[in-house]
Amino acid sequence: MLTLFHHPMSSSSRFVRLILNEYDVATNLIEEHEWARRREFLALNPAGSVPVLLAEREVPLCGAYVIYEYLDETRGGLRRDQRFFPENPLERAEVRRLTEWFLSKFESEVTRHIVRERIYKREIPLAQGGGAPDSQTLRYARANIRPHMKYLEWLAASRDWLAGTSISYADLAAAAALSVLDFMGEIDWKTFPASRDWYMRIKSRPSFRPLLNDRIRGIAPSTHYADLDF
């Protein structure tokens, strides 16, 4: 059994969990708080960030990009026509581009700030920057939601799946990122109907069910978070 160090509100962690679930890989989940800077965790990943996957022979693989490429090479190749990478190199490049968009650009402009202010700071010690949310940071991040959602709306409306004709890692990465904001009720889905329909398709996959069961102490998820049809 593999072991994944993760946080339930980490987009990258959720992305890896979706892949593991899709490939039916038995995994032991260990919740890790990056701000705790645990010595044992830093020994696995000196960067101190999640996700970290202990692969075969307990070799630590650090970061979503490293992990998903590894899982594709070791598990995805067995799926053939159900693989989350297309055969065409240019189409694979588009999958990688959109995966990077949602795990890096969207993360740095939106998700990271909202999660830190609304969730992480509740548990981070005051000496390390915890405490009340910063309203200016939240306004900045929330202002960036709409342009990203407009781009997602265009992708969802003009393609069968985000990167092309088949579901890919790009869809899993985007859904992982959006699910964090959806947990907190930060997305006005009525304004983005094509995105909502796309998200419902992803949300209905068996691999997504464990994510819908995630809970954060002291924070209730949005009323529609666990609904497959909302």
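Where is Pro51 found? I looked it up: Pro51 is in the loop between α2 (39-44) and β3 (52-54). For these labels, helices are DSSP runs of H or I with at least four residues, strands are E runs of at least two, and both are numbered from the N terminus.

Ground rules before going on. I am working on a predicted model, where local features need pLDDT of at least 70, side-chain atom pairs count only at pLDDT 80 or more, and totals for chains, interfaces and linings use all residues. Residues are numbered from 1 along each chain as its sequence is written, and side-chain values use heavy atoms, with hydrogens and water left out.

**Backbone entries.** I checked the peptide bond from Val50 to Pro51, and it is cis, with omega near 5°. Next I looked at Arg57, which sits in the loop between β3 and β4 (60-62). Arg57 is not a glycine, yet its phi is positive, about 60°.

**Domains.** I have domain 1 at 2-78 and domain 2 at 89-213; such bounds come from an automatic or database domain assignment. I find their C-alpha centres 19 Å apart.

I then took each annotated span in turn. Residues 1-79 are 37% helix and 20% strand, with end C-alpha atoms 20 Å apart. Residues 88-222 are 65% helix and 0% strand, and there the end C-alpha atoms lie 39 Å apart.

**Interface.** How many residues of domain 1 are in contact with domain 2? I get 20, facing 27 residues of domain 2 (contact: heavy atoms within 4.5 Å). The two domains bury about 2,300 Å² between them, 61% of it on carbon and sulfur atoms; buried area is the accessible area (1.4 Å probe) that two parts lose on being put together, summed over both. Met9, Leu18 and Trp35 supply 31% of the area that domain 1 buries against domain 2, more than any other three residues.

Across this interface I also have 2 salt bridges (a side-chain nitrogen of Lys or Arg within 4 Å of a carboxyl oxygen of Asp or Glu). I looked up the side chains of Glu22 and Arg205 too: they meet in a salt bridge at 2.7 Å, N to O. On the domain 1 side that touches domain 2, α1 (11-22) and α3 (64-74) each supply at least two residues. The largest share, 9 residues, comes from α1.

**Salt bridges overall.** I count 16 in the structure. Asp72 lies in helix α3 and Arg83 in the loop between α3 and α4 (89-123), so the pair ties together parts 11 residues apart in sequence.
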